[in-house]
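Reader: I have a model open and want to learn how to read its sheet and helices. Where do I begin?
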Amino acid sequence: MQPVARARPTEVQVQLHRLHPGQQSIATHPARFRVVMCGRRFGKSALGIRLACDAVLAGKPVGWFAPSYKLALEAWREAVDRLRPITQRVSEQDKRLELKTGGILEVWTLDTPDPARGRKYALVIIDEAGIAANLTEIWQAAIRPTLVDLGGRAVVLGTPKGRKHGFVKMFTRGQGQDAEWQSFRASTLDNPYIPAEEVEA
């Protein structure tokens, strides 16, 4: 009997963000809910995209939330581009990306009171949380329930907008005694790829 020749698996490469030390300390922190209040050029969206990519590459479902379609679109396009080599199916209309690993990325806007109804996520990223209207209500009624089934985690990224804003309340919670929550402050100066003289100027 002749041996059967087996095709060697095709190797593909996915190019991901290389995290700088400030981003890395947030990415590896064990807290279930991480709230990051940072400067505009710290690299918060890049951090969120890297975490989302890591999760879907591991076969997990991920939800990405942003205040508006315009703010969500840039992250969506970058994720689609980076994950293209292992994409099984992509829906531009639904902003849903399915990978060959089994991972799923779905993008939602926060301009409706009940996004992602019925979904189950292992990770949620909320980008530009500091300018999302009614963030507290949407978190409690819509986003937090998506994390129940899988014991999912969340990363909330933004810059502050008023002391009573929902993002600031979430940040304050991460400074308390609840071990599930952790808050981080990050300056643009913590990003080694931004020249310090530009920040000073």
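Author: Begin with contact: heavy atoms within 4.5 Å. Helices (H or I, at least four residues) and strands (E, at least two) are DSSP runs, numbered from the N terminus. This is a predicted model: local features need pLDDT of at least 70, side-chain atom pairs count only at pLDDT 80 or more, and totals for chains, interfaces and linings use all residues. Residues are numbered from 1 along each chain as its sequence is written, and side-chain values use heavy atoms, with hydrogens and water left out.

Reader: Which residues of α2 meet which in α3?
Author: From α2 come Ile-49, Cys-53, Val-56 and Leu-57. They meet Ala-75, Glu-78 and Leu-83 of α3.

Reader: At what angle do α2 and α3 pack?
Author: Axes are lines fitted to C-alpha atoms, for helices over the stretch in contact, and angles run from 0 to 180 degrees between N-to-C directions. Here the angle is about 45°, and the axes are 11 Å apart. So α2 is oblique to α3. Oblique is what remains after under 35 degrees (roughly parallel), over 145 (roughly antiparallel) and 65 to 115 (roughly perpendicular).

Reader: What is the strand order of the open sheet?
Author: Two strands pair if DSSP finds at least two bridges between them. The 8 strands run β3-β4-β5-β2-β6-β7-β1-β8, with mixed pairing. β3 (87–91) and β8 (181–186) are the edge strands, each pairing on one side only.

Reader: How many bridges join β2 to β5?
Author: There are 6, between residues 61–66 and 104–109, and the two strands run parallel. Val-62 stands opposite Leu-105 in β5.

Reader: Which strands does α3 lie across?
Author: Helix α3 (residues 69–83) lies across β2, β3, β4 and β5.
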